[in-house]
Amino acid sequence: MPSYTVTVATGTQWFAGTDDYIYMTLVGTEGSSERTLLDKPLYNDFERGAVDSYAVSVEENLGDIELVKIEKMKYWVHDDWYCKYIAVKTPSGDYIEFPCFRWVVDDKEVILRDGRAHLPQDDKTRVAKQHRRKELEIRQKTYRWKEWHPGFPMSIDALSHKDLPRDIQFDSEKGVDFALNYTKAIENLCINQFMHMFQSSWGEFADFERIFVRIKNTISEYVMQHWKEDFMFGYQFLNGCNPVIIQKCTNIPSKFPVIHEMVADCLERDLTLEEELKEGNLYIADYAIMEDVTPNATDPCTMQYLASPICLLYKNSQNKILPIAIQLSQTPGEDSPIFLPSDDEYDWLLAKIWVRSADFHVHQTVTHLLKTHLISEVFAIAMYRQLPAVHPVYKLLVPHVRFTIAINTKAREQLICECGIFDKANGTGGGGHVQLVQKAMKTFTYKSLCFPEAIKDRGMDSQEDLPYYYYRDDGIKVWEIVKSFVTDVVNIYYDSDETLQRDEEIQAFVKDVYGHSHTPSFSKSISNFEHQYLKAKCMIKNYKLFQFDWCSWIPNAPPTMRKPPPTKKGQVDVKFIVESLPDRGRSCWHLGAVWALSQFQENELFLGMYPDEQFTEKSVKNAVETFQKKLSEVSKLIKSRNEGKKLPYYYLSPDRIPNSVAV
């Protein structure tokens, strides 16, 4: 009587094991096995991290094993089980892997294909085609679209984290409880005595040190020491928390009437302002998107203010970027002066603070929330709805959307919802952040997700012009490695553009992203893999991990301002500036937020780490190995470059880039 040896691996997560009844059926081309009970309650099989083996006897050889069917039945109460994989050794000695990497919940079944990836047109048998179709039908009922706010990219139809499908929930919801984590962060930073002191101003800049966590030789300490200096202000446009705003200035806009006489003392090359412009030495940061955004009004005892500044930047003879003119509104005039380095010290300092505050808001809401979290969720939902687990693009993408839907759902539940934690300290709380996303969506393009194109569109692509733009240099290196890896993998399965065009599932995926991103620049279909679709998805970054370094010294990144932008020069002193900055309570909530949001997840997976082996083919494993080697080489180069630097740049080192947006 033929016998098959079945090996079952249980996950290592907490509560991954089960005491429920587990049944299995092998489905082959020549027949199926009997429904076999693998585990009885209290037999100590299927425990967390266990690898258990069983013999399955059959009357006749089953032929090629097409499917493995797993069923779980309740013993006492439902006890969810996380199955990593099942391996089957046939009577002839063949070894077949069936990746699972999902939860088996309630009295439900999971049906697995072997680990080889297949395009839909490659499936020839009725069993394979039927399984593929049924899997997607179930997924499309489970992963449903919902509009959170008008004009936003669509999100998952779930009110809370517990409403999500078990497969995309966090292993431990407690670990991502924003309210709990923020409070813990405030306690760990020993600043909880200030957290309820709203409306209570600090006395002077030095008072902010009372809540500042000083960790020797860190960027945050360097920022605290140098934040007032123009070079530090300019440097952050290149390598700070939000290095995507600065662009080459090709003409000085009429709404920002800077003339040569205003800035002549700042220019170092004996050229006029117009000549410096033609030479390519001027850059601009324009926060027009902030205009008319409603400030936070959730606390009637504290007025909060926003500005939409424009900043002109100059590349000096040492290739440093320095600010030379700032206007705090989009409308020039008597009540909107252009602030200059030659002005009174505090006028100039406050103008720079207003720019830093606007930059913080745009970073948090546009760069981070929209372009990292919300767009990633669109790709994730479309992937689950349109690509079965056997599809090569599903296998390629699924590690890069791990916990993305979960973190976004948790944020909508606690952080950025009405009366959420975001409202406590942020000037765009209370609805301003919603307006910002809606405004950003009007000009948001797919091209902005493609790293080299985004850099080039801002005129920032020349390494000769800007030799110290590490964000660009490291990002392009990583992009090219990701591009090469994605190309290597997809070329294994798609031998021609025609093969791609005939793949109904990938076309449905692209169409789903297009229809629910609310971004017309996204494609409705994909005709060749020169298209950047998958490369962009794998490169969407978690910019949030920059935050503590650059935003923990609050005067450098104020989350709110309590006095309006100045309309005259010569009326500002230190007291006015300190009273403009966040009060003690908001300062503490802000510091707790940037600390909590800058921490990696427990058991974080970084770019190129694939402990769940979705692919079983040797050719893909070789591509993964090459990918990992290239990433390691870049990490070593970045580490070498940073040695001895007071301001190291390591954010785009592959060994620090999370595999997915999950923080």
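**Helices, sheet and listed site**

Mentor: Let us start with helix H7, which lies across strands S14, S15 and S16 and runs at about 95 degrees to S15. Please keep in mind that this is a predicted model.

Trainee: Okay, and in what order do the strands of that open sheet come?

Mentor: The sheet has 5 strands with antiparallel pairing, and their order is S12-S13-S14-S15-S16. Strand S12 (247-248) and strand S16 (338-339) are the edge strands, each pairing on one side only.

Trainee: Which helix touches S13, S14 and S15?

Mentor: That is helix H4 (residues 230-239), which packs on the sheet, and its direction makes about 95 degrees with that of S15.

Trainee: How many bridges join S14 to S15?

Mentor: There are 6 bridges between strand S14 (residues 310-315) and strand S15 (residues 321-327), and the two strands run antiparallel. As one example, Leu 313 has Pro 323 in S15 as its bridge partner.

Trainee: Switching topic, which residues does UniProt list for "binding site"?

Mentor: The UniProt entry, which is unreviewed, lists His 368 and His 373 under that name. In this model His 368 is found in helix H7 (residues 345-386), and His 373 has its place in helix H7 as well.

Trainee: Why does His 373 count as buried?

Mentor: His 373 counts as buried because its relative accessibility is 5%, and buried means under 20%.

Trainee: And His 368, buried or exposed?

Mentor: His 368 is buried, because its relative accessible area is 7%, which again falls under the 20% cut-off.

Technical notes: Residues numbered from 1 in each chain as written. Predicted model: local features only at pLDDT ≥ 70, side-chain atom pairs only at ≥ 80, totals over all residues. Heavy atoms only, no water. UniProt positions renumbered as here; feature names shortened; annotations may be inferred. Helix = DSSP H or I, 4+ residues; strand = E, 2+ residues; numbered from the N terminus. Buried < 20%, exposed > 50% of the residue type's maximum accessible area, 1.4 Å probe, protein only. Pairing = 2+ DSSP bridges. Contact = heavy atoms within 4.5 Å. Axes fitted to C-alpha atoms, helices over the stretch in contact; angles between N-to-C directions.
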